[in-house]
Amino acid sequence: MSKAPLPTSIDTRRAAEQGRLIEGTVKLEKLSRLGSYLVDSEGEVTVDLTFGMDEERIRFVKGTAVASVKMTCQRCLEPVTLELEAEMNMGIVADDEAAKQLPRYYDPYVVDGPKQDLHQLIEEELILTLPLIPQHQDCVVKTEYGQAPEPSEGNDEANPFNVLAQLKAKKH
Ligand SMILES: [Zn+2]
């Protein structure tokens with residue numbers, strides 16, 4: 001069963017004081033900045049956040065945002081499906097000065113005003129996890145760029161395994 005939509009805007013400081021757990025999903029089509037890196041915006045992000053206050057009374061939010069997305073493989077230029085996972089462990093602070101005081105294990109989440117846009121937070125965190133050069137793990141380049149195989153009679157000449165098979169066959 002699909003989870004409920006993630007609330008768009010919440011008071012994160014209050015959520016931390018209340019120790020709220022917020023789960024939900026966001027459709028990729030709603031995250032247009034993230035979408036600009038993707039082949040299409042089908043699918044959704046599953047978000048699981050825990051708000052709380054630690055023993056030093058620092059308000060924090062931690063959790064994960066996961067999504068399956070498609071980018072363009074930079075070797076073969078075909079779509080490649082990537083599993084993104086953003087892990088968050090953030091100290092909620094009012095300004096940059098307070099951000100500098102945070103223990104190192106927190107990333108600063110600077111909030112101004114009573115409400116914060118959770119979708120924007122999730123989108124920024126996911127963009128940070130995007131690979132610089134998306135590629136298939138076992139990408140077989142289907143073009144003749146680089147080491148072009150020798151022309152052979154028939155067959156799929158771009159497939160290096162076929163070329164190997166032919167080389168082996170010639171030895172016999
Ligand atoms: Zn590829």
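Start by selecting arginine 59 and glutamate 17, whose side chains form a salt bridge with N and O 2.7 Å apart. A salt bridge here is a side-chain nitrogen of Lys or Arg within 4 Å of a carboxyl oxygen of Asp or Glu. Arginine 59 sits in strand E4 and glutamate 17 in helix H1 (residues 12–18), so the pair ties together parts 42 residues apart in sequence. Helices (H or I, at least four residues) and strands (E, at least two) are DSSP runs, numbered from the N terminus.

The model is predicted: local features need pLDDT of at least 70, side-chain atom pairs count only at pLDDT 80 or more, and totals for chains, interfaces and linings use all residues. Residues are numbered from 1 along each chain as its sequence is written, and side-chain values use heavy atoms, with hydrogens and water left out.

Colour by accessibility next: buried means under 20% relative accessible area, exposed over 50%, and partly exposed in between (1.4 Å probe, protein chains only). Arginine 59 is partly exposed at 27%, and glutamate 17 is partly exposed at 44%.

The salt-bridge count is three. Select aspartate 40 and lysine 70 for another, with the closest N and O atoms 3.3 Å apart. Aspartate 40 is in the loop between helix H2 (32–35) and strand E3 (44–53), while lysine 70 is in strand E4, 30 residues apart. Then select glutamate 97 and lysine 100, a salt bridge at 3.6 Å, N to O. Both lie in helix H3 (residues 96–101), three residues apart, about one turn of the helix. Glutamate 97 is partly exposed at 47%, whereas lysine 100 is exposed at 63%.

Move to H4, which has twelve residues and reaches 17 Å from its first C-alpha to its last. The expected span is 16 Å, taken as 1.5 Å times one less than the number of residues. Its buried residues include Leu118, Leu121, Ile122 and Leu126. At the N-terminal end, aspartate 117 caps H4, with a side-chain oxygen 2.9 Å from the backbone nitrogen of histidine 119.

Finish at the zinc ion. Its protein donors (N, O and S atoms within 2.8 Å of the metal, or 3.2 Å for Na, K and Ca) are Cys73 (SG), Cys76 (SG), His136 (ND1) and Cys139 (SG), at 2.0 to 2.4 Å. The site is tetrahedral, with angles of 103 to 129 degrees among its four donor atoms; the criterion is four donors with all angles between 85 and 135 degrees. Along the chain the donors follow the spacing C-x2-C-x59-H-x2-C. Cysteine 76 is buried at 12%, and cysteine 139 is buried at 13%.

Technical notes. Four donors count as tetrahedral if all angles lie between 85 and 135 degrees; four count as square planar and six as octahedral if opposite donors are over 155 degrees apart and all others between 65 and 115; anything else is irregular. A polar contact is a pair of N or O atoms within 3.5 Å; within protein, one must be able to donate a hydrogen and the other to accept it, and residues adjacent in sequence count only if both atoms are side-chain atoms.
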